[in-house]
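Good morning, and thank you for coming. I shall walk you through one structure this morning, beginning with a term and then moving from chain to chain.

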Amino acid sequence: MGPNLRNTLVVARREFLVKARTRAFRFGTVLLVIGAVLVALAPVVIGWIDRQVITKVAVASAAELAFDPVARTAAVLNAGSEADHPAYDVKAVAPDEARQAVERGDYSAALVIERPATGSDLAFTVVTKDPPGGRVPASVQQAAASIAVADRLDRLGVAPGDQAALFAPATVTVEEPTPPGPGEAAESSVEFYTKMALGQVLVIFLFMAIILYGQWVATSVAEEKASRVMEIVLTAATPFQLLGGKVLGVGGLGLVQFAAALAAVIVTLLLQGPVASFVFGAEASSMDLPAGLTPDVILTFTILFVLGFLLYAVLYAAAGATVSRMEDVNSVVAPMSLVAAIGYIVAVYGATGLIPADASWVTLLSFIPFFSPYMILSRYLTGDAGPLDIVAATLILVVSIVVCLWFAARIYEAGVLAYGQKAGVRQLLKLAFGRR
Amino acid sequence: MSLEITNLHKRFGETVALDGITFRVEPGQVFGFLGANGAGKTTTMRIALDIIRADEGRVSWRGRDSTELPRRTWGYLPEERGLYPRMKVEEQLVFFAALYGVPSKAARAEVHEWLERFRVPEYAGRKAEELSKGNQQKVQFIAAVLHDPEVLVMDEPFAGLDPVNVDLLKDAFLEMRDRGKTLVFSTHQMEMVEELCDAVAIIDRGRLLANGPTAEVRRMTGKRVVRLGVVGDPDLPWLAGIAGTRITRAGRDYSEIEVADGQDPEALLHAAMERGERITRFEIADPSLTHIFIDLVGTRPDAEERTLAGPRAASGTPPTGPGPGGAPPVDAPPGHAASSAGPTPSGPATGA
């Protein structure tokens, strides 16, 4: 083993061990594993939360009606939910108790039905603490409309039996412009939202990992300069070995955290079936849980994580080498964090559809090295980018890393020995690339 | 076969740091590298260690260019002191040694041996930030020698040490010399140089002013120093009548007289005897390195140095204007010169 590789590994090992022992790292890893498990369990968790939330609605009718307003309200409110897991629990209360019941919090809303005069239309009041445009008041208003129409039909002499046919829901099919091929199933809305949520979470993870680990590299470099240990280390190792070792060491930490999170995710996915049947009871087997984290997604994420980290880490290291005091680290890495944040924001907005993920400028940005880790991942998860796009973006990334490494090594070399004097950008570039 | 420093030039922007430095250090020597702050000592050392490159000139050791020498040839104690604050002493020393390819087991044993020698074995498991400055310096010295380098380069190794630690470090120096290592160090403490160094180089503003064996450098101005003690008037007023003499230390016990080049120091003895003075002490010596340094550079070597170890640090007398007898302003006030010879001169005193 040549001194180059040996020293790089010695530096990397120190970096890794020292940081791995810190409380911040251990605590962070635990949090990350918990987060990863929650993400992996997201479909089950969302399903569970969905079933737990039952909104209670009271119906207080002071009017004579040919039908049961409670049953009709329940039918309208629960039209969208599964038969055995209704989202709304509708009960009848006395008209004079409706307000107190809502006030006490027994019900989210109360629908008060009155008939101002014999033969007139019904008058409705929705009593609720929710804002008028809220989900519950809006749904209750729909129920009121339905009751009003039913009452008018009744007064027009339409028999309740015939009304059932009138109120029967129409058959509506929602379709994509290009219908799925023979082998593919149409994407369910649950699948769509799971993918969207997953895309966002992964992009957030990637962004945080790059910023966080990049900062570690910068801090670690600045720390060596600030503590003046740099000169001792530089006697033994070249700046290039130091730079490489630092990036590798911190990168190794990142990979360890990532591997811990990934292991947690895989175990969780394997246990998802049993967990689901525990949560949902026996019928879970019939439930089709969307598997969000497929191997190709994990592989893509891993590659982009490693490359994205390397790209930013070498630049963060160079930035850290330009300051002499720890306090200055934040200001010097800010521009890079800003660039990272731009890619991240576009990627997240693209994943949610706030920015069209297939717009040409988004497509272009997703191949530009500093943005591509997030953006190509996001576009891949929404299905806007294929495997070939990933390969292209990856190659561009690799080339940029080599260029950045060369650039960063020069800056680093010039920066590590420039003590005290606050080197301006121009002065530093001159030191780095001028005659030495 | 020696450490050859040949015609080094180095500029930092507009500043000329080195302007043709050339000197040589023989293997096994203890070499003093002297100069005021900013003279170019650190730059020369960094170039020798290949941390930075010279614009011109070269450094070689045993015939090999410094850019091709393996890094473990050198042990370096930089002026900028620093350790990893939150790393344990033993751990970071093993790390430094590993950068030179020293296996961790061997390094650990060495670390304990050195900590033992410095009488601080209990620091192995302590974090560096918990150690005092002087103890951190010991740890740094160990870092410099752990990989058994052939040449030890030390920038101000004694700065900031208390007298006890100065002695410990001095012993460590001698230990390294006995192991056959070549030692190059810079310092402002001239007594240390006179005591330890076989040869010296004095540089100022990037230029070499003197170089050679310590004894030769001390004689280079041609001036001699006479230490004369008499019973009676210690101010020796009669000396004013002898040309080429100047009192540089007027003590109650004895006086120190600088004798210009070409003057016979023994003339003072004759003059004293002719006057019938009862002589308690007469000694002819070379000027101290402090004298030489002041003559060559124009300022005191420790003009900007703050050290706990230097016997004169507490007095902190700044260089002053002309001394008695219209001496040029570069000369030190008389009170300063004596200490360079030590409190008890061991030279033979000729009684009358």
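When I speak of a helix, I mean a DSSP run of H or I with at least four residues, and helices are numbered from the N terminus. Please keep in mind that this is a predicted model.

Let us begin with chain A. V30(A) has its place in helix α2, which covers residues 23-40 of that chain. Together with F27(A), L31(A), I34(A) and L38(A), V30(A) makes a nonpolar surface patch of about 520 Å².

I turn now to chain B. Here 6 strands form an open sheet of mixed pairing, in the order β6-β7-β8-β3-β9-β10. At the edges are β6 (74-77) and β10 (207-213) of chain B, each of which pairs on one side only. From one strand to the next, the twist averages 15 degrees.

How many bridges join β9(B) to β10(B)? There are 6, and the two strands run antiparallel. Within this pairing, I203(B) stands opposite L208(B) of β10(B).

Next, the helices beside the sheet. Helix α4 of chain B, residues 133-145, lies across β6 and β7 and runs at about 165 degrees to β6(B). Helix α5 of chain B, residues 163-178, packs on the sheet and touches β3, β7 and β8. The direction of helix α5(B) makes about 145 degrees with that of β8(B).

Finally, the aromatic rings. Over all chains, the structure holds 23 aromatic pairs. One of them is formed edge-to-face by Y213(A) and F309(A), with 6.2 Å centre to centre and 80 degrees between the planes. This pair links distant parts of the chain, 96 residues apart: Y213(A) belongs to helix α8(A), and F309(A) to helix α12(A).

Methods
Residues numbered from 1 in each chain as written. Chains lettered and ligands numbered in written order. Predicted model: local features only at pLDDT ≥ 70, side-chain atom pairs only at ≥ 80, totals over all residues. Heavy atoms only, no water. Patch = residues over 30% accessible without salt bridge, like charges linked within 9 Å, V, L, I, M, F, W, Y side chains within 5 Å. Areas by Shrake-Rupley, 256 points an atom, 1.4 Å probe, with all protein chains shown as cover. Salt bridge = Lys/Arg side-chain N within 4 Å of Asp/Glu carboxyl O. Pairing = 2+ DSSP bridges. Axes fitted to C-alpha atoms, helices over the stretch in contact; angles between N-to-C directions. Contact = heavy atoms within 4.5 Å. Phe/Tyr/Trp six-rings, centres within 6.5 Å; stacked < 30°, edge-to-face > 60°.
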